[in-house]
Amino acid sequence: MTHAQKTRAAGQAAAEETDTASDDAIAVTTEGLPAWLGPVAHAARTVRAQQLSRFLPPASGAGRQSAVLILFGEGRRGPELLLMERSGSLRSHAGQPSFPGGSLDPEDGDHTTTGPLRAALREAEEETGLDPGGVQLFGVLPRLYIPVSGFVVTPVLGWWRTPSPVDAVDPAETARVFTVPVADLTDPANRATAVHPSGHQGPAFLVESALVWGFTAGLIDRIVHYAGWERPWDRTKQVPLDWRA
C-alpha cells in the first residue's frame, strides 16, 4: 500500500468513527458537502501524486514532514479559496502567497496517518486565526515535495462549513490573509505561466493584487483541472520572476 493510500485509509477510518469516539479522533468525511465540491472530493479519491507534480518525496524518506490546508468556502461571489501571503522576512518562500500550513509538530501525531490533518488545522489557526471547529476535512491528496526547501507536503482539503474571522496573526510570519473566488482562478484573463531565471516554468494566477505561483499555483492548477473547472487559457502569456523568488 502506498503512503497516499495509507493516508486516505486513515482518513476514511477516522470518518467512520462514531459520536462516542475519543477526543483524539479526527474526522475526514464528505457528508453534507455542497454539490459544487463533489468533483474536488472525487479527485481527492482518485488522483495520483504523479498527476499533481513531477516533484515527489525522496524514496529515502528524507524531508521535513509538513501539511497545508486547502480550504474552500462560500463567499459573496460564490465558491472561494483561502490563501495567505507569507512575510517577506521568512527564510523559506518569503513574500509568496500560499495555503496555510507548516511543519508537523510531535503532538500532531504520526505523519503516515492523521498527523497531517492535525497539523493543517493547527497551522491554519496559528497563521490566520480561523476556528478549526468550523472546518470539515473532506479529503487528503498524495504527498508532494518542494525541493528548494526540502518539505514533504501533505495537502489536506477542507470545507469552511462555519466561517470565522481571519487575519494575519503574527506579522513576522504572515503579511496578509485573503480569499480568492474560484471564478477568478478559472478566469483565463487571470492565468499565466511564471518563468523563473533558472528556467523553471509553471502555472500562475494574478488575483487579489497577488501573483500566485510555485507549489501553491501548481496545486490550484491541478485541482481546477481535475475538478473539471478549467477553461482554455493562453499558456504563452508569461510572467517573469527574479532570482529572489
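Modeller: In this predicted model, a residue counts as buried when its relative accessible area is under 20%. Tryptophan 159, at 10% relative accessibility, therefore counts as buried.

Biologist: What share of the residues in the chain is buried?

Modeller: Of the 245 residues in the chain, 49% are buried. The chain exposes about 11800 Å², and 51% of that area comes from carbon and sulfur atoms.

Biologist: Where is pLDDT under 50?

Modeller: Where pLDDT is low, the predicted coordinates should not be read in detail. Here, residues 1–23 stay under 50, and the model has 23 contacts beyond four places in sequence for them. Over the chain, the mean pLDDT is 89, and 87% of the residues reach 70 or more.

Biologist: How many aromatic pairs are there?

Modeller: Two rings pair if their centres lie within 6.5 Å, and planes over 60 degrees apart count as edge-to-face. There are four aromatic pairs. One of them joins tryptophan 36 and tryptophan 159, edge-to-face, with 5.9 Å from centre to centre and 80° between the planes. Because tryptophan 36 lies in the loop between α1 (3–15) and α2 (38–46), whereas tryptophan 159 belongs to strand β7 (residues 151–160), this pair ties together parts 123 residues apart in sequence.

Biologist: Is the pair of tryptophan 36 and tryptophan 229 stacked, tilted or edge-to-face?

Modeller: The ring centres of tryptophan 36 and tryptophan 229 are 6.3 Å apart and the planes stand at 45°, so this pair is tilted. The pair links distant parts of the chain, since tryptophan 229 sits in the loop between α6 (214–226) and β12 (238–240), 193 residues from tryptophan 36. Trp36, Trp159 and Trp229 belong, with Phe72, to one aromatic cluster.

Biologist: Which residue lies over the face of phenylalanine 178?

Modeller: Arginine 176 lies there, 4.2 Å from the ring centre.

Biologist: How many helices and strands does the chain have, and which strand does β9 pair with?

Modeller: The chain has six helices and 12 strands. In a regular strand the side chains alternate between the two faces of the sheet. Strand β9 (residues 191–195) runs antiparallel to strand β10 (residues 201–207), to which five bridges join it. Valine 195 stands opposite glutamine 201 of β10.

Biologist: How many bridges pair β10 with β11?

Modeller: Three bridges pair β10 with strand β11 (residues 210–212), in the antiparallel sense. Valine 212 in β11 is the bridge partner of phenylalanine 205. These strands, β10 and β11, also form a hairpin, with two residues between them; glutamate 208 in the turn has a positive phi of about 50°.

Technical notes:
Residues numbered from 1 in each chain as written. Heavy atoms only, no water. Phe/Tyr/Trp six-rings, centres within 6.5 Å; stacked < 30°, edge-to-face > 60°. Helix = DSSP H or I, 4+ residues; strand = E, 2+ residues; numbered from the N terminus. Buried < 20%, exposed > 50% of the residue type's maximum accessible area, 1.4 Å probe, protein only. Lys NZ or Arg CZ within 6 Å of the ring centre and 35° of its normal. Areas by Shrake-Rupley, 256 points an atom, 1.4 Å probe, with all protein chains shown as cover. pLDDT = per-residue confidence, 0-100. Contact = heavy atoms within 4.5 Å. Pairing = 2+ DSSP bridges.
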